[in-house]
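Hi,

Here's the structure I promised to pass on to you. Have a look at it first, then read on for what turned up.

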Amino acid sequence: MFHIPTRARQPIAVLALIVAVAGLSGCGAASTANSTGAAPNADRGAAAQGVSSDVNLEQCGKPTRTIKHDLGTTTITGEPKRVVALEFSFVDALVSVGLSPVGVADDDKPERIIPGLRDKIGEYKSVGLRATPNIQVITALKPDLILADSGRHKAIYAQLSKIAPTVAYASLNGNYQQVLDSEMSTAIVLNRCDQMKTRLAEHEQILKDLKAKVDSGETRKALFAVSSDKEFTAFPPKAYTPGVLALLGIQSPLSDDSGDATVALTLETVVSTKPDVMFIAGQTGDTLADTWTKSPLWKQIPAVENGATYKVDQNIWSRSRGLLASELVATEAVKDLYGK
């Protein structure tokens, strides 16, 4: 069930739309894999259940705050200023409350930080890959807080905690609700609750305005996928981006009965899934999807027949997973589908 921190709601009514999605507490669709013959992507397992930010709200404003997160409990004293963000969604959380990170795991590709965030954070030090951040570089930055992914960085959590207080939330495999919770909990860690409440209220209004542009009788099913040169990886309903689309009333054609975060599809299984719309992100240059366009099977996909296949930016639609990214995803989807 969709959930917003109780005291952070101001009323965030439009976000309750997610109830119609039957809850976003996991990420995946192994049953989709079974029904379509596709194989789950082993590199992206389901996110942890996650810790609701409600459990931390009473810590707002305290000089010393005890924060519960996915990998335990961390005590924070004062207001951290030197923060290292190991996922892009945490950069979004920092910008939302008026802070800039001193270090970011940006995969050594600063362009992966989306415009709107990159323009606001100024200079920072890259700490390497999100999957395997450089511990020595992080240590040299002398952070007073590290924001980590509870899936990717579980194995190095103890190391990170020796460098600085570390809190961990689901980002890579986190769903929309988990991202909202992590943003609010990060604000509590930083002792900037009011700023995040303001940002969440702004976020609500943006989504509400976009939802109003969607036809009330919308029944098309939209598949979101990332295409590389070797794989076509689709995201089930409980994954982050399909969750954003569901807020607008745009559902996924995939089933969602398990905890897998992604599913690798073949051209044949895409055809059998029958998406009415496809949003496809991918690398620069030819991808597997580009190769498929030369096959007669490709033309049997309803989205192709209807001229409703759209190429989208992977940094915005897949990697970022923050409030700004979700707003940009929703805005682009509405523009593509309705010209609004």
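Is the link of cysteine 60 and cysteine 193 left-handed or right-handed? It's left-handed, with -100° about the S-S bond.

Before the rest, some housekeeping. This is a predicted model, where local features need pLDDT of at least 70, side-chain atom pairs count only at pLDDT 80 or more, and totals for chains, interfaces and linings use all residues. Residues are numbered from 1 along each chain as its sequence is written, and side-chain values use heavy atoms, leaving out hydrogens and water.

**The disulfide**

In case the term is new, a disulfide is a covalent bond between the sulfur atoms of two cysteines. The rule used here is a pair of cysteine sulfur atoms within 2.5 Å, and by it the count comes to 1 disulfide. Cysteine 60 and cysteine 193 are the partners, at 2.1 Å from S to S. Cysteine 60 sits in the loop between β1 (39-40) and β2 (64-69), while cysteine 193 belongs to helix α7 (residues 193-211), so the bond ties together parts that are 133 residues apart in sequence. (Helices are DSSP runs of H or I with at least four residues, strands are runs of E with at least two, and both are numbered from the N terminus.)

How accessible are the two ends? Cysteine 193 is buried, at 6% relative accessible area, whereas cysteine 60 is partly exposed at 25%. Buried means under 20%, exposed over 50%, and partly exposed in between, with a 1.4 Å probe and protein chains only.

Next, find α8 (residues 240-247) and α13 (residues 323-338): their axes come within 10 Å and cross at roughly 55°. That makes α8 oblique to α13. The angle classes are: under 35 degrees roughly parallel, over 145 roughly antiparallel, 65 to 115 roughly perpendicular, and the rest oblique. Axes are lines fitted to C-alpha atoms, for helices over the stretch in contact, with angles from 0 to 180 degrees between N-to-C directions.

Which residues meet there? From α8 they are Tyr240, Thr241, Val244 and Leu245, and from α13 Ser326, Val329, Ala330 and Ala333, with contact meaning heavy atoms within 4.5 Å.

**Two positive phi values**

Most residues other than glycine have a negative phi. Aspartate 108, in the loop between β5 (103-104) and α3 (118-121), has a positive one near 60°, and is exposed at 52%. Lysine 142 has a phi near 50°; this lysine lies between α4 (135-140) and β7 (145-149) and is exposed at 66%.

Cheers!
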